[in-house]
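Open the model in your viewer and get ready to select residues by number. Each stop below tells you what to pick and what is there.

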Amino acid sequence: MTAPHARYRRAVAIPAGMAMATALAFLPNTTATAADEAPAVVSADATPLSYVVNVKPGHGTSAYVKKAVGKAGGTIVTSYDQIGVIVVHSSNADFAKTIRKVRGVQSAGATRTAPLPTAVTADLGTPKALSAAEVARAEAPAGQDPLEPQQWDLPAIKADKAHEKSLGSSKVTVAVIDTGVDDTHPDIAPNFDRGASVNCVSGKPDTADGAWRPSASESPHGTHVAGEIAAAKNGVGMTGVAPGVKVSGIKVSNPDGFFYTEAVVCGFVWAAEHGVDVTNNSYYTDPWYFNCKNDPDQKALLDAVTRASRYAEKKGAVNVAAAGNENYDLASDEITDPSSPNDTTPGERVVDPSECLDIPTQLPGVVTVASTGAKGLKSSFSNYGLGVADIAAPGGDSTAYQKPEPPATSGLILGTLPGGKWGYMAGTSMASPHVAGVAALIKSTHPYASPALVKALLYAQADAKACTDPYDIDADGKIDAVCEGSKNRNGFYGWGIADALDAVTK
């Protein structure tokens, strides 16, 4: 079965009984362009859009390109010379077409189809929050935080046993590139890394105090993810997978819930330059679910985010990303995408997922995480694909499909919520932080390990799990997905289920 499609893909709509939780070719250079001849004429009622212009990295933006941007009707917002990505705003409908012809420009494209700012309202569901009474009466065995008995996901990856050996190192930081993190939460505050936190929504870093926090009207998604990774083992609330490591908030989602390319690029570059060891990416880069290399706009977005994620890895970060929540086989020959562009009017299109990529999920070097439920089976909604899904971890599922063992009562994943609360969500968004936490534990155990070695250990230590065949998760007599591959590596679980105990003992 295919889970209902949500605009904010990583936050999944679960069947009844559950809350909604919700890389490269270059264009040829030319020496003469329209931009050399006369400034662009822009009408007063033209739609302002944001663009990325990709040039050769390693140098400051050339005066020639700067002049061409201006003549084409663009204004440079910021530039990331390290990776050759320039963020531009323009109301000239022909800006991208014009600037692509400029000498030194390798690709360029609009990062959105909606005007600046967007006029779309968020459609995120509300997590199932625990009431104050539920929190107050929570009891746990000695040595556990009060809500830990509800966290079936911790023993599922042996995190409970791992904590007896190590909680992780405070010298390791995991950046949550997401909707923002409430660092005032009692379970997050002890481990929060303010120096590695920022607001990147505009595509340019905003380091004002607290700029990384979500507003009251924004999604709690990033805060939930942060708690899953590093909620402190402090006698309060819940416990994270790596409760001794640091966590930072890199806010890249605008108030409408969109993760645009310029923000994502900013996020990866910020992480790269602020000592981050692991990044967690529980989103896809809007507005295209899949970015096709044969489309000049989408290719430019693909180019920009690829450069940024590679830069982060080059600087020492392991990039972990959620596989997505549509029960898609990402290794299939074609997929019908009904949701792009999601910031204006989506239209149905058929794409080849080997040529049209979900970013950052399908980018080279990124750890792609599939989701499992309380019974250890692929979650009903989780995307999968042989050679695409690298590893699996708990992301929850309908309690009706995969019910946890007592004392846990919900098949969803417990996490922190803004305002000092806790609640349940589900999705590959929740699976990815489990793997980010395990990667942080590996980095804690092997502090000098390169990203390549951390990933190698992550995969080698994973508990191999054979294909679920047949896979009829809702028991209606119909096959809901087909798993391909061997026990040691397959489309549902990749190299296997993440193992936190091995991470701290091997």
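Start with two side chains. Select Ser429 and His221: their side chains make a polar contact at 2.7 Å. A polar contact is a pair of N or O atoms within 3.5 Å; within protein, one must be able to donate a hydrogen and the other to accept it, and residues adjacent in sequence count only if both atoms are side-chain atoms.

Before moving on, note that this is a predicted model, where local features need pLDDT of at least 70, side-chain atom pairs count only at pLDDT 80 or more, and totals for chains, interfaces and linings use all residues. Residues are numbered from 1 along each chain as its sequence is written, and side-chain values use heavy atoms, with hydrogens and water left out.

**Stop 1: the annotated site**

UniProt, in an unreviewed entry, places the feature "active site" at Asp178, His221 and Ser429. They are spread over 252 residues of sequence, yet they cluster in space, with a largest C-alpha distance of 10.1 Å. UniProt positions follow the numbering used here, feature names are shortened, and annotations may be inferred rather than shown by experiment.

Now colour the helices. His221 lies in helix H7 (residues 221–230). Ser429 lies in helix H10 (residues 428–445). Helices (H or I, at least four residues) and strands (E, at least two) are DSSP runs, numbered from the N terminus.

Buried means under 20% relative accessible area, exposed over 50%, partly exposed in between (1.4 Å probe, protein chains only).

**Stop 2: from H10 to H11**

Follow H10 and show helix H11 (residues 451–461). Their axes are 10 Å apart and pack at an angle of about 115°. That makes H10 roughly perpendicular to H11. Axes are lines fitted to C-alpha atoms, for helices over the stretch in contact, and angles run from 0 to 180 degrees between N-to-C directions. Under 35 degrees counts as roughly parallel, over 145 as roughly antiparallel, 65 to 115 as roughly perpendicular and the rest as oblique.

**Stop 3: a loop residue**

Finish at Val201, in the loop between strand E7 (198–199) and H7. At 23% relative accessibility, Val201 is partly exposed. Its contacts beyond four places in sequence include Lys251 and Ala263.

Technical notes: Contact = heavy atoms within 4.5 Å.
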